[in-house]
Amino acid sequence: MDFTLSEQQEFFKKIIVDTVDRMVAPKAQEIDEKDEFPWELWREFTALGYLGLRYPEEIGGMNADKIMCMTFYEEIARGSVGFAQSVIMNILMGTYFLYRFGSDSIKERCLFPAMRGEKIATMCFTEDQSGSDLGATRTTAVKDGNGWRINGTKMWITNGPICDFCTVLATTDPSKGLKGLNFFLVEKGTPGFSSGQVLNKLGCRGTVTGELVFDNVWVPDENFLGDELGKGVIYVGDILDEVRLMTGAMALGIAKGAYNEALEFAKKRVAFGQPIGNYQLIREKFADMDTLMNAARLMIYYGAWMLENGMDSRLIAAEAKMFATEVCLKVVDETTRIYGANAFAYEYTPQRYFRDARFLLYGGGTHEVLKDFIGRSIIGKL
Amino acid sequence: MNILVFIKQVADTEARILIKSDNRSLEIENKFNLNFFDEFAVEEAIRLKAKVKDSKVTVCTYGGKKAIEALRTAIAMGADQAYLIDNTDLDTEDPLITAKILAGFAKKEGFDLILCGRQAIDDENGNIGVMVSEFLNIPHVSAITKLDVVDEKKITVENDVEGGKEIKEIILPALLTTQKGINEPRVPLITGVMKAMKANIPVVEPTSLGFAKDMIDKNASKIKVISYETPKGRPPVKIIEGETPDEKVKKLIQLLREEAKVL
C-alpha cells in the first residue's frame, strides 16, 4: 500500500493551492455577496489553462490523472464553491460528451473554446419533476429530416442562463424509459432555445443556475452525441463515478475552508482569559473534524485511484460522495459553533460555508437515492 | 542575455515551527515555498527574457532534494532550466559558505546578470547576494524596484532611498537583489506547470564546483547557531476602567506617567 503522491502530483497540488489562495479565495466573499457571475475572475483564471485539465495534451489539455483532478476540484471549492461549480462544469460534465462524441467541427466550434474559457458549457439533466430519476425525463427529441426537434424545459442548470452551448438529455422514445435517453448538443442562438428563470439560491452564489427552455429547437444530426440511439444512460454511467467523486472532493474543499477559519479563530479568540482552543470541548471538535475529513479524503482519493486504474468504482464513488458531503455538513456546523454568534453575521465567513455545503446534498445523487443504490448493490436481488 | 537567478526554498509563513529539545534546531511543518523576495527575481528575469532577444533564464538553489519543488515553481513561471546544488549532509549555518558555492556555480555556468531576492524570509540574513557579488568581483545593487536594459552591456536600476529614489547605471555583468514593488509575480499557466512537472532538474554536487568537502561542511562554518528562542509573550492588555471618558483619560495619563514612564 502506498499513499504517497508522486512528485508531479505533489507539485501540481502546491501550484493549485497557491493559485487558489492568490486568485480565488480573496474574492469568495464578494462573489457570494454580489451573487453575479464573476466575469473578471473567470477571464483571469481560465487564461491559465485549467479548463483543459482532463483532456489530452494534443488538443490543449493537461491530461491530468484522476488524483490530480480531485486535488483541483477540492482546492478550487475550498477557494469559492460558487466559482468552482462554473469552472468544473466546463472541465467535466459540460464538455465530456463533446470530447467523446463530437465531430471535428463541433470540437472546433465548442469544445476547444470551452477549454480556453471563451465559451461557457453546461449539461442539462434535471427537470422540474425529475433529477435523480432520469427515467422520468420529459424533454423529447423527435427525428425531423436531417436532424432532431427538441422540446422541453430543464431546471437547476449550472451555468444555464449564461451558457454558450449545452448537452441536453432528451428521450427519443418515452415508451423505452431509460433506454430511450440520448444526448444532443444545442448552441446559443439556435431558434427556440432560451433561458428562463434564474434561481435565487441559498448558497453557491455566483454560479448562475436556472432554467433552459427548448421550444421546438431543431438541431442537425451532427448534434446527436453518441454512437447509437438509446445508449445515453450507459454514457451517464461512464461519467457518474467521476462526477460523484468530484462532488465529494468539493465537499471536502468546503469543509477544509471552514475548518481553516475555525482553527484560526480558536487560536485567537480569548474567553475567560485564554484562547478558546485551550478548552477541551473545543479541542474535541477539532479532533472530530480532522478525523472525519481524513476519512473522507481517504475514500475520495481511493475512489479516484480505482477510477484511474480502471477498476469498478461505482460503490466507493457513491459512498465517498455521500460520506464527504455529510462530513462537510458536520464541519461547517461545528465551525459556526466555534465561531459563536459571529458565525450568524454576513460579515463573517462561516455562514457562507454553512449555506454552500447544503447544495452538495443534491448534485451527484441525493443521499436517499445513493443509500438505496449502495444497499441494493450489496444485498443484490433476493 | 544569460540570466542566473538564485533562489531559496523557505518555510511557509503559516507553517508550524517548533524548536526541538536541543534548542539548536527547528522542526518545521512540511509547507515550503519559493522565498517571497526570490519570486520577484524570477519574475523580473522572465520579463527581461521577453524583452532581450536570445536570453536564457537559469535558476539555481543550494538546498536539499525537497527544494526541487521551488525550482519547478520557477520553471512553471517561465524559467528555462534549473539546477539543484545538493546540500544533503552539508547543511551550513554560515551564509558565507552558501555564497561561495553559488559563486562557484555562477563561474562555471557563466552569466551576464544575476538576480536574487534581497533576503530570505526564514533567516532574514540578506547577505548572500552581496557576498556572491564580492566573490565574483562584479558590481552589486541591493533591493532594486525597477530594472531597464540600456543595451547588451548596460542596465539602469532604481532603488528606494530615504524620501525618494536612486537611479543607477550599471555595467554588466552584475548582481542585483530584488525588492517588493519591482513587479507582480505571475500565477503560472498550466503549460508552464506541465513543463515544470516534466522538467529534468540536474543535481550538482558542490564538490564538483571545486570545493573540498571540509571547506564547506558544518565544521567549516564560522557561524554557529547556539540556540533558538521564541519571542517573549506580550504583557497582558490593561483595560482602563472608569465611569466617564474624562475619568478614563485621567487614569490613562497617570499610568503613562507613573507605570510606562513615557510622559
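The model is predicted.

Let's start with chain A. Its domain assignment gives three pieces: domain 1 (7-115), domain 2 (121-230) and domain 3 (233-379). Take the second and third. The C-alpha centres of domain 2 of chain A and domain 3 of chain A are 30 Å apart. Their contact draws 10 residues from domain 2 of chain A and 10 residues from domain 3 of chain A. On the domain 2 side, that is six nonpolar, three polar and one charged.

Now a helix pair in chain A. Helix α4 covers residues 66-79, and helix α5 covers residues 81-91. How do we describe such a pair? Two packed helices are described by the angle between their axes and the distance between the axes. Here the axes of α4(A) and α5(A) come within 6 Å and cross at roughly 140 degrees.

Which residues meet? From α4(A) we have Y73(A), I76(A), A77(A) and G79(A). From α5(A) come V81(A), F83(A), A84(A), V87(A) and I88(A). That contact divides into eight nonpolar, one polar and no charged.

Stay with α4(A) for a moment. Is this helix covered or open? Mostly covered: 14 of its 14 residues are buried. With 14 residues at 1.5 Å a residue, α4(A) should span 20 Å. Its end C-alpha atoms are 20 Å apart, so the two agree.

Next, where the chains touch. Chain A gives 12 residues to the contact, and chain B gives 12 residues. The chain A side divides into seven nonpolar, three polar and two charged.

On to chain B. The C-alpha atoms of chain B fill a box of roughly 75 × 45 × 40 Å along the principal axes. Chain B has seven helices and 13 strands. Of its 263 residues, 37% are buried. Look at contacts in chain B between residues at least 6 apart in sequence: 68% of them join residues at least 24 apart.

Chain B is divided into domain 1 (2-220) and domain 2 (231-263). Their C-alpha centres are separated by 47 Å.

Now the pairings. Strands of a sheet pair through backbone hydrogen bonds, either parallel or antiparallel. We have both here. β9 (residues 140-151) and β10 (residues 154-161) of chain B are antiparallel, over six bridges. In that pair, V149(B) stands opposite I155(B).

β6(B) goes the parallel way. β6(B) pairs with β1(B) in the parallel sense over five bridges. There, N2(B) has K56(B) as its bridge partner. β6(B) also runs parallel to β7 (residues 81-86) of chain B, joined by six bridges. In that pair, the bridge partner of G63(B) is D86(B).

Why call β6(B) largely enclosed? Because seven of its eight residues are buried.

Nine of its 10 residues are buried, so α2(B) is largely enclosed by the rest of the structure. Among those buried are I68(B), L71(B), R72(B), I75(B) and M77(B).

Last stop: V237(B). Where is V237(B)? In the loop between α6 (213-216) and α7 (245-258) of chain B. Buried or exposed? V237(B) has 6 C-beta neighbours inside 10 Å, so it counts as exposed; the cut-off for exposed is 12 or fewer. V237(B) and V187(B) are 50 residues apart along the chain, and their C-alpha atoms are separated by 41 Å.

Conventions: Residues numbered from 1 in each chain as written. Chains lettered and ligands numbered in written order. Predicted model: local features only at pLDDT ≥ 70, side-chain atom pairs only at ≥ 80, totals over all residues. Contact = placed C-beta atoms within 7 Å. Nonpolar A, V, L, I, M, F, W, Y, C, P; charged D, E, K, R; others polar. Domains from an automatic or database assignment. Axes fitted to C-alpha atoms, helices over the stretch in contact; angles between N-to-C directions. Helix = DSSP H or I, 4+ residues; strand = E, 2+ residues; numbered from the N terminus. Expected span 1.5 Å × (residues − 1). Buried ≥ 20, exposed ≤ 12 C-beta atoms within 10 Å, placed from the backbone. Pairing = 2+ DSSP bridges.
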